[in-house]
Amino acid sequence: MGFIIKKDQWINLAIVAATLWFIWFAQTHLDEYTVRILNNIAIFIILAVSYNLINGVTGQFSLEPNGFVAIGAYVAALLLLDADAKEYQYDIESPYPWVLALQANFVWALFFAGTFSALLALALSFPVFRVRGDYLAIVTLGFGFIIRILAINNPEITNGSLGLNDIPEFSNLYWTGGVALLAVIAILNIVDSKFGRAMKAIRDDEDAAIAMGVNTFKIKTMAFCTSAFLEGVGGGLLAALLTSISPDLFTFFLTFQLLIIIVLGGLGSTTGAIIGTVLVMGGSEWMRFLDEPMNIFGIVETPAMPGMRMVVFSIILIFVMLFAREGIMGKRELKDLFKKKRGES
Amino acid sequence: MKKLATLATAAALLASFSVAKEIKIGAVMPMSGPLAAYGQVTYEGIELANELQPTLKNGDTVKLVLVDNKGDKVETSTATTRLISADGVVGILGALTSSNTAAVIAVAEKKKIPVIASVATNDKLTAKREFANRVCFMDSFQGEVIANYAISQGYKTAAVISDQAQVYSLGLAKAFEKAFTKAGGKITKEVKVTSGDKDFKAVVAQVKSANPDFMFLPLYHPEASLIARQSKDIGLNKPMFSGDGVANQTMIDLGGDAIEGYMFTDFFDYSAPPTQASKDFIAAYEKKTGKKEMNSFTALGADTYNVMLAAMNKCADPTDSVCINKEIKNTKNFEGVSGVLNIDESGNASRSAVIKEFKNGKMVYKTTVNP
Amino acid sequence: MDFLTFMQQMVNGFSLGSMYALIAIGYTMVYGVLRLINFAHGDIMMVGAFLGYFGIAVLDLPFAAAALLAVVGSATLGMLTDKIAYKPLRNAPKISLLITAIGISFFLENAFNVFFGGVPRAFPVPDYMSHILNLGGLVFSVSSLLVPIVTLILLGGILWVLFKTKYGMAIRALAFDVNTVNLMGIDANRIIMIVFGMGSALAAVGGVFWALNYPTVEPMMGVLIGLKAFAAAVVGGIGSVTGAVLGGFIIGFTEVVVIAFMPELGGYKDAFAFVFLILVLLFKPTGILGYDFEKSRF
C-alpha cells in the first residue's frame, strides 16, 4: 500500500509524461499551422470528452454544448478584456457599467467561465430532466439556440452580432493541452468512480437504476453540470485562442460537430472521443485538397470545387455509421485493449 | 565602382529573367456554409483578376491560394494560420464579413502580413491595426451619403429596418441614424429582423402604421427584396433606400416590379464603368462567364487583388510583406475595377459612392457622391 | 391596433403556420414509426423547392407540372434515403440513425452548394399566384391564400389514409410496436418507406409553397425552417399528425402575432418556437396531443 505503484499506474504515468513531453515538443518545435490545429484539437478534446460524459456515459441524449461553450467564451472574454478595450469596441450600444467592471486574470477567467456554465446547467437541469429521450434533445437544442439569440439581442453585454474582439491571446498548447489532459484524467476518474457506475446504470436501464436506489436526478444533474463546467472552460480557452468571438460561432453546427466526433469515436468511450476529435478536426483540414483543382492519374483535370470537402465529409460520415455503427472504440477504453478478452461484458 | 553597379544590375536582371519565382497570395472566403453566396461571388472577381494579371513586373508569377472558412471563426483562424505558416503567402485577401475579417486580422497582424478586405465596412475594423486595409468605404460614409440624400429630397421622418445578425447592417443603420438625426431628420420606427427570415408581413405592417416619409433598409438582397415585395402587397409605397448589399441582379430577379424606384448606394456602376480598368475587366468577365451583369462584390474582390499586386510591384522585394503593407497604404488615385481608390495611413479607402435606383429591371445611375 | 390590422395578422399567421404544418407532418410521421428525428427532412423540403425551380426555370414546365415534379422527386428522394441510409440501421442504436440523418442533411446542403452555387435564385412565380386580392381592406396574394387551403385538404387526405385504409392501420400499429407488426405478417420496411414517401411529398409541397411566397431558393433554406417545423411537431405532440398541424399553426401565429404586438421583441422571433417548446414540455411533456412513447414501449 501507500507508496507502491501498480503496473497499471505506471502505464498511466507514462502516458501522462509522454503527453506532457509532446505538448512541450509541439509548442517549441512545430510550425504554427500545426500548432494551431493541435490547439483546436486540444480544445475540442475538452469539449468532446465532457459532452461524452452526459451523452455517452450517462446516456442522456442532449444537444446543449454550443450553449455552454458560448457562455464560457463570453464570460472569459468579458473578464479578460480591460475596461478601455471594452469601452472602445462596443459599437452598437454602450456597455453596462458592470460589464466594464468585469476583470480577472486568465486562471480566474477560465474558472468563472466554467462555474457560470455549471450554475446555469444546474438551473437548467430542473426543467430538462423532467423529460426523457428525444424530448431532452430538442429542449437542449432549443436552449443553445436561445443562448445565441440572447447574445445577438443584448449588445450592452455582448456587443451583439459584432462580437468581442482583441481578446488577449493567452491560449497556447501548454494551456489548451494541459487543460485537456486534466479534463481527460478527471473524466476517466469520474467514470471509474461509483458515480460513473451509477451513470452507466442509468444509461443501460433507467428504471432498473431507480429500482436499485440510484437517485437518477442527482446523478444526471452531476453529469450535466460537470459537462457544462468543462464546456465553459473550453469556451474560455477558445475565446483566448481566437481572440475574436461572435454569436455566429456558436450555432448548432458546433454541437453537431461534437456529436459526430463522439459517435465516430464510439459513444461512451473517452478514448474514442479523443480519437474522434483528432480524426474530425485533423481530417477536415487534411481534406482541404478536395476543394482544390485536381489531377486524377494525370488524365482528367478537375476544376477547383470549393465546398467539395464538406460533401465528401458527409459521405464518409454516412458510411461510418452504416458499416461501423459502434464507432471506432465502441464503449471500450484504451486500457481495455491491453486486457485479455474476458468474454462478453 | 560604376562597373560594379552595372554588374550588379546585370546580375539582378539576369536573376530575374532566369529564375522567375512563384509568389503566393492567400484568399480566405466562405465558399460553403451560410455565407457561401457572397463568398463565391467575391472570389469570382479575385480569381479573374489573377487570371488577367498573373505575373509581377519582374516576371514572378502570383499564385492564389484559396481556403474555405465555411463562414466560421475557428476555420477562419486556422485557415489564416495555414496560409501564413504553411503556404508562406505574402498577403491575404478576405474574409468578406467584418466579424470574420477581424479573425483574419487578429492572426495576420502578429505575423506582419497585410490583409486587404473587400467588403468589410465596419468602422472599427482597421482601427489600432497596422496590417489591416480595405478597398470599400466605411459604414459611416455610406450612412452619411444616404442621410444627406434623404434630407435633400425633403424627407423628414424615416423608418429603419436592420438585420441584427449582420454587423454590416447594424453599423450602417447606426451611421445613418446618426447622420440623419444630425441633419434634422427624425427616426420614427426602428425594426430588427434576422437574416434568413422570409416572412416580414408583421414588420411591414408596423412600418405602415408609423407612416414614415422614407424607409431605410440596410440589408442584403434576400431580405430587402422580400420586404419590398411584402410592403407592396399591403399597399406600403414609401421611398425605399438600401446600402450596397442589394446591388445585384438577384435583387432584381427577386424583387420584380416591387422594387421599381428602390434606391441604393453602390461602390461602382456596372452600366457606366468608371475607369478603363473596369471596362476591360467587365469585358473579360462577360467573356469568361457568359453573364450579362457583374456584382459589385466581384469588382471589389478584383480590386483587393489588384491593389495587392500593385503594392507588390512597387516593392524592390515583392515578398517583403512589411513593404507591401506600406505600399498598400500608399495607394493613390489607383484605377481599380470598382472606381478610383485612395487608401490612407489607417488602411481605409476613400472612394466615391454612387447612388442608383432600380428601374424597369435595371440598375440606373443617379448621381455620384465624392468623399 | 385596429380590427383590420388584427385580421391581417391572423391571415398572415394562418399562411405561415400552414407551411410549418406541412413540414411538421413529415417529422411527426417518421418519428412515429422510427423514433427518429429526421434532421434531413428540412433539406428534403429544400430539394423540393429546387425541383420546382428547375421545373419552371429550366424545363419550362407550367407551375402545376413543376409542383408535381417536386412532389414526385422529393418522395423518391425520401424513400431512397430510407433505403440507403436508414434501413440498414433498423436494429442499430438510435443515435447512429440520428448521426446518419445529420450526415444526409450535410450531404444535401453541401452537394447543392457545390453543384448549384450558394447564391439564392429567384423562384419564377406565375403571375396568377402573385396576384393581390383585396377583401374589404384585407390584402393577401393568391398563393398565401392557397397555402392554408391546400394544407387542410392534404391533412384531410393524410388522416383518411391513416384511419380509413389498411396502410394507415399498419402505420399506426408500427408506431406502437415494430416486432408485433412484423409478426402479423406486415412488411414493416415497406410501410416505413411509404411513410418516408408521404412525409417527403408533403415537405415538397411545403417547399414549393415557401418558394412561392418568399420567392427564393438556396441550399441552406431548409435548416431553420426544418428546425422550427420540428419544434412545431413536438409542441403539437410528436407522433400525432393533427398535433403537428396544430403545432405548426401555433408557431406560425406566435411568430406573426408577437412581432405585431411587441415589435421590440422582433429580434427574438426565431427563438419563439423554442421558448414555446420548452414551456409546453414543462407543463405537458408529451406535447399537446402526443402519446407518451416511453411508456407505450412497455
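Mentor: Helices (H or I, at least four residues) and strands (E, at least two) are DSSP runs, numbered from the N terminus. This is a predicted model, where local features need pLDDT of at least 70, side-chain atom pairs count only at pLDDT 80 or more, and totals for chains, interfaces and linings use all residues. Residues are numbered from 1 along each chain as its sequence is written, with chains lettered from A and ligands numbered from 1 in the order in which they are written.

Trainee: OK, where is B:Thr250 found?

Mentor: B:Thr250 sits in helix H9 of chain B.

Trainee: Buried or exposed?

Mentor: B:Thr250 counts as buried, because it has 22 C-beta neighbours inside 10 Å. The cut-offs are 20 or more other C-beta atoms within 10 Å for buried, 12 or fewer for exposed, and partly exposed in between, with C-beta atoms placed from the backbone.

Trainee: And what is B:Thr250 in contact with, leaving aside neighbours within four places in sequence?

Mentor: B:His221, C:Val119, C:Pro120 and C:Ala122. Contact means that the C-beta atoms, placed from the backbone, lie within 7 Å.

Trainee: Chain C shows up there. How many residues of chain B are in contact with chain C?

Mentor: 28 residues of chain B, against 30 residues of chain C. Helix H2 (36-52), S7, H7, helix H8 (221-233) and helix H9 (249-255) of chain B each supply at least two residues of that side. H7(B) gives the most, with five residues.

Trainee: What about residue classes on that side of chain B?

Mentor: There are 13 nonpolar, eight polar and seven charged residues. Here Ala, Val, Leu, Ile, Met, Phe, Trp, Tyr, Cys and Pro count as nonpolar, Asp, Glu, Lys and Arg as charged, and the others, Gly among them, as polar.

Trainee: And chain C against chain A?

Mentor: That contact takes 33 residues from chain C and 34 residues from chain A. H4(C) provides the largest share of the chain C side, 13 residues. By class, the chain C side has 25 nonpolar, six polar and two charged residues.

Trainee: Switching topic: what is the strand order in the open sheet of chain B?

Mentor: S7-S6-S8-S9-S10-S14-S15, seven strands with mixed pairing. Two strands pair if DSSP finds at least two bridges between them.

Trainee: Which strands stand at the edges?

Mentor: Strands S7 (186-193) and S15 (362-369) of chain B; each has a single partner strand, so one side of each is left without a neighbour in the sheet.

Technical notes
Contact = placed C-beta atoms within 7 Å.
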